[in-house]
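Please read the points below alongside the sequence and coordinates.

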Amino acid sequence: MTTMGQLWANTGSTLATLMFTYTIFRQWFPHVGDHLEPFFQRLFSRFYPYIQIKFHEYSGEHFKRSEIYSGIQSYLSKDSSLRAKKLKGNTTKGSKSLVLSMDDREEITDEFESVTVWWQSKKVRNSRPSFSFYPAADEKSYYMLKFHRRDREVIIERYLEHVMKEGKMIEMKNRERKLYSNTPGQNHRNQTKWSHVTFEHPASFDTLAMEEKKKEEIKNDLVKFSKSKDYYKMIGKAWKRGYLLFGPPGTGKSTMIAAMANFLEYDVYDLELTTVMDNTQLRSLLIETSTKSIIVIEDIDCSLNLTAQRKRKKEEEEEAGDEKKAVEKKAVEKKMNDEGEKKESKVTLSGLLNFVDGLWSACGGERIIVFTTNFVDKLDPALIRKGRMDKHIEMSYCSFEAFKVLAKNYLDVEETETCLKRLVEALKEEKEEAKKRVEEEAKQKKEEEEEKKRKRR
């Protein structure tokens, strides 16, 4: 009597024989093989319980690298380094670290919701000659996902989404953060409107000269925002937040922005409004910004004529104005226009308001918009109201607690009292030296005056 094991062994042997015969037959009779292929696939699927999905490295026009492939590579990198026996190291563009991935023809397993899947790294040789301007490589890499057909629903509906989400998070964590600035001019053609350098500012909240309570409040607000994707979706608002930093010059507004970017690991977009030609270009710049970024407009009160106070002042000057100055101004403007040196921005207050929280502000998510100003009272109330600039942070002069941070940063002094004594002594010495210099200058001036009087006699 035939046992179950023998039955499966005979079935497997028969299938292997059929597949081998089919392969030889197709090699010699390719056209007939194409017609028989669906039949063999159906026959094979009845006895083979696994489903396979391929994710190719390059797809589409111009040989563009697939984002899905990159996401899978990042996702598998954490398991590949622990489980795979053969690894290969790659340097991905925009990544600050080496990416370890499975070598060719290597396989690892993964588990999700008690379901086991198999990932394989494979290559297929391209036998067709290429006449394209973008020639294909001799070999094409791809990942193959294999799972049991009973787990199809779990894999298709939840696992693949989980892989892409985790892969993107790993990519964002390993990416090289950038500082962007908008390039001036109207016609960019196919070139990007943003140019960038690597963001390497060392500022952090630990070295920021500010009261500890205030720093913790800002940090908690940033963390809460970064984890509030579902909340913003629930209330029907774009996932963004506005910060207004105001205070006298030199109080650390730019340092605060760098500390915020380093704390959240965000990119920074430094937007120069004076080089933006109109509202349309402003919207285009917004669309090209990435998620997990801080969009900064520094000294917004000086960027453009966007405040109500300046508008009233301009109207008063035009009514009362000096005719001579007006004529000279027109002549200078005409000359600059003729020489092509003056390109006036046509960005309006309305365009900037729409940029901050209009319909276009919802393109993308997880963005922070920061305005800085030395004179908050000059800004139009519509620009800084809550909902646009959600949090107002005053950057004032150094308090005693902030001074302790500065003393530790610059002098590596933990004992503040000793540091203060040194500072007081240094100020006294400087005061005495200044007093002596003033007395010497007064004495010298007096001698010069007496000398002049004697000469006149």
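Helices, of at least four residues, and strands, of at least two, are DSSP runs numbered from the N terminus. In these terms, Asp 380 falls in the loop between strand E14 (367–373) and helix H13 (381–384). The model is predicted. The points below turn from the overall fold to this loop residue and then to salt bridges.

**Overall architecture**
- The protein contains 15 helices and 15 strands.
- Its length is 457 residues, of which 33% count as buried.
- Where contacts join residues at least 6 apart in sequence, 66% of them are between residues at least 24 apart.

- A polar atom of the Asp 380 side chain lies 2.9 Å from the backbone nitrogen of Ala 382.

**Salt bridges of helix H5**
- The structure holds 12 salt bridges.
- One of them joins the side chains of Lys 215 and Glu 212, with an N to O distance of 3.7 Å.
- Lys 215 and Glu 212 are three residues apart in helix H5 (residues 212–226), so about one helical turn separates them.
- Lys 215 is buried at a relative accessible area of 3%, whereas Glu 212 is partly exposed at 39%.
- A salt bridge also connects the side chains of Asp 221 and Arg 241, at 2.8 Å from N to O.
- Because Asp 221 lies in helix H5 and Arg 241 in strand E11 (residues 240–246), this pair ties together parts that are 20 residues apart in sequence.
- Asp 221 is buried, with a relative accessible area of 14%, and Arg 241 also counts as buried, at 18% relative accessibility.

**Salt bridges around Arg 388**
- The side chains of Arg 388 and Asp 357 form a salt bridge with an N to O distance of 3.1 Å.
- This pair links distant parts of the chain, 31 residues apart: Arg 388 is in the loop between H13 and strand E15 (391–394), and Asp 357 is in helix H12 (residues 349–357).
- Arg 388 counts as buried at 12% relative accessibility, while Asp 357 is partly exposed, with a relative accessible area of 26%.
- A network of salt bridges links Asp 357, Arg 385 and Arg 388.

How values were computed: Residues numbered from 1 in each chain as written. Predicted model: local features only at pLDDT ≥ 70, side-chain atom pairs only at ≥ 80, totals over all residues. Heavy atoms only, no water. Buried < 20%, exposed > 50% of the residue type's maximum accessible area, 1.4 Å probe, protein only. Contact = heavy atoms within 4.5 Å. Polar contact = N/O pair within 3.5 Å; in protein donor to acceptor, adjacent residues only side chain to side chain. Salt bridge = Lys/Arg side-chain N within 4 Å of Asp/Glu carboxyl O.
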